[in-house]
Structure formats: structure tokens, C-alpha cells
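Hello,

Here is the structure I promised to pass on. Please have a look at it first, and my notes follow below.

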Amino acid sequence: GGDERTVRLFGGGTRPLREVVAGHTLYLEEYDLEPGDVVSYYARAADGTTEPVLSDMYFLQVRPFGMEFREGEAPQGGGGPQGEGGADSELSEQQRQVISATFNLRRDRTRYSPEEFRQGAVTIGLAQERLLEQVNTLLERMGNRGVVAMDEGFQRVAKSLPAAMDEMRTVREALGEQDLDAALPPAQRALQHLLRAEEAYREVTVT
């Protein structure tokens, strides 16, 4: 969700090459990261004769080195951020899909007519709206069950989810204006908040 950083993998040469092999290692210890953070990256290639091409977007999720498991009672019908059937555990994956779809639509914009591009932005916006509603329902369910007051971990979850919702609203508005450049950073920050909520829950309790 921050500013993009560019790493040049190959600087060209005096003569054309049919193939180039290059690589780069991301040393995550050089970043100020904590469990739940996410690093997204993609590749851009150009040979000077055609328009640059972009790869898909990929994600690196920061996980804790250790996990703390504490025994807890099983609430009726499930409980915690995963809720009934574990469906809510897929929130972060749904947000990744919103990010990827936004990135791909922006990347391939020249392939679409103005109407097709508008429809694509609307479709992604609807997906973000549905996910926003799911997170809001989850937050309300946690409040109704009184689990937030039970544990510090749940309190971190309850803090991260509203932050994710705020970012999702910004994404929704940007997509409504077909401004994909403005939609991507808050979409990534929303993913970060969702992942932090999931990591906090993993430290709380198992049944």
C-alpha cells in the first residue's frame, strides 16, 4: 500500500539479445515488517521496440516465527473471525482477488473499449462492496457475542477490521470513478489490515 520501489534487473547492452536471465532477492529483514504485513511485486519488461509488458501481481505474506495455542471453549455455531463454516477465513483471499483484478484491468486497459473498461471497474467495485459487507457482518457478530472483551487478541482483530473497511470504502469510490491508480494502494492496505486480523486470531485460541 506504500509507494512503489523499482529494482532494475537488466540495463541493456550494446547489442540486442534474444534472451535475458536476471534475478533479485528481496531481503525482508531490511523492511520494517510485522506478522500480517504483505509485500506485492510484479515484473515489467521492455525491449525498446514494443510497448512494455507487465506480469501478474504476486504477494509475500509475513507470518510469525512461532504460534501460540491456547485452549478455549467452543461457542455455539463456531466463533471468532472464522465464524460459521470457516467462510470468513477467506476474506484476505477475496481481497487479493480484488487487488489482482484491479491491477490486471489497469495493465490491460488498451485491450478494452471504454465501455468494457467501465464494466470491468464496476464488476470489481461490486466485489469490493460485497467483501465490505462481509467484514461488517463479521464485526457485528463479534460484538454481539461479546468476544472482543474476552482477549487482547480479539481486541486487535476488532481494531484491524474497521481499518480495513475504511480502506475498502476508498477503493469502492475510486473504482466508481474508474481511477484504478487511486484504487490499488488502499486495496493493498485493506489486505494488510485483514491479514493482521487473521494473524492476531491465530494467537488467541483453538478448540
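Let me start with one residue. Gln95 is buried, with a relative accessible area of 0% (buried means under 20% relative accessible area, exposed over 50%, partly exposed in between, with a 1.4 Å probe and protein chains only). Gln95 is found in helix H1; helices (H or I, at least four residues) and strands (E, at least two) are DSSP runs, numbered from the N terminus. Leaving out residues up to four places away in sequence, Gln95 touches Gln128, Leu131, Met168, Ala187, Ala190, Leu191 and Leu194, where contact means heavy atoms within 4.5 Å.

A word on the source: this is a predicted model, in which local features need pLDDT of at least 70 and side-chain atom pairs count only at pLDDT 80 or more, while totals for chains, interfaces and linings use all residues. Residues are numbered from 1 along each chain as its sequence is written, and side-chain values use heavy atoms, with hydrogens and water left out.

Back to H1. This helix has 17 residues and spans 24 Å from its first C-alpha to its last, close to the 24 Å expected at 1.5 Å a residue (the expected span is 1.5 Å times one less than the number of residues). Its buried residues include Leu91, Val98, Ile99, Phe103 and Leu105.

Phe103 also belongs to an aromatic pair. The ring centres of Tyr42 and Phe103 are 4.7 Å apart and the planes are at 55 degrees, so this pair is tilted. The rule is that rings of Phe, Tyr and Trp (its six-membered ring) pair if their centres lie within 6.5 Å, with planes under 30 degrees apart counted as stacked, over 60 as edge-to-face and the rest as tilted. Tyr42 sits in the loop between strand S1 (38-41) and strand S2 (44-45), 61 residues away from Phe103 in H1. Tyr42 is partly exposed, at 27% relative accessible area, whereas Phe103 is buried, at 0%.

The largest nonpolar core has 18 residues, and Ile99, Leu105, Leu175 and Leu180 have the most contacts inside it. Such a core is a set of buried Ala, Val, Leu, Ile, Met, Phe, Trp, Tyr and Cys residues joined through side-chain atoms within 4.5 Å. At least two of its residues come from each of H1, helix H2 (114-145), helix H3 (152-176) and helix H4 (180-202), and H4 gives the largest share, 6 residues. Apart from this core lies another, of 16 residues, with Leu132, Phe154, Ala164 and Ala197 among them.

Enjoy looking around!

Best wishes
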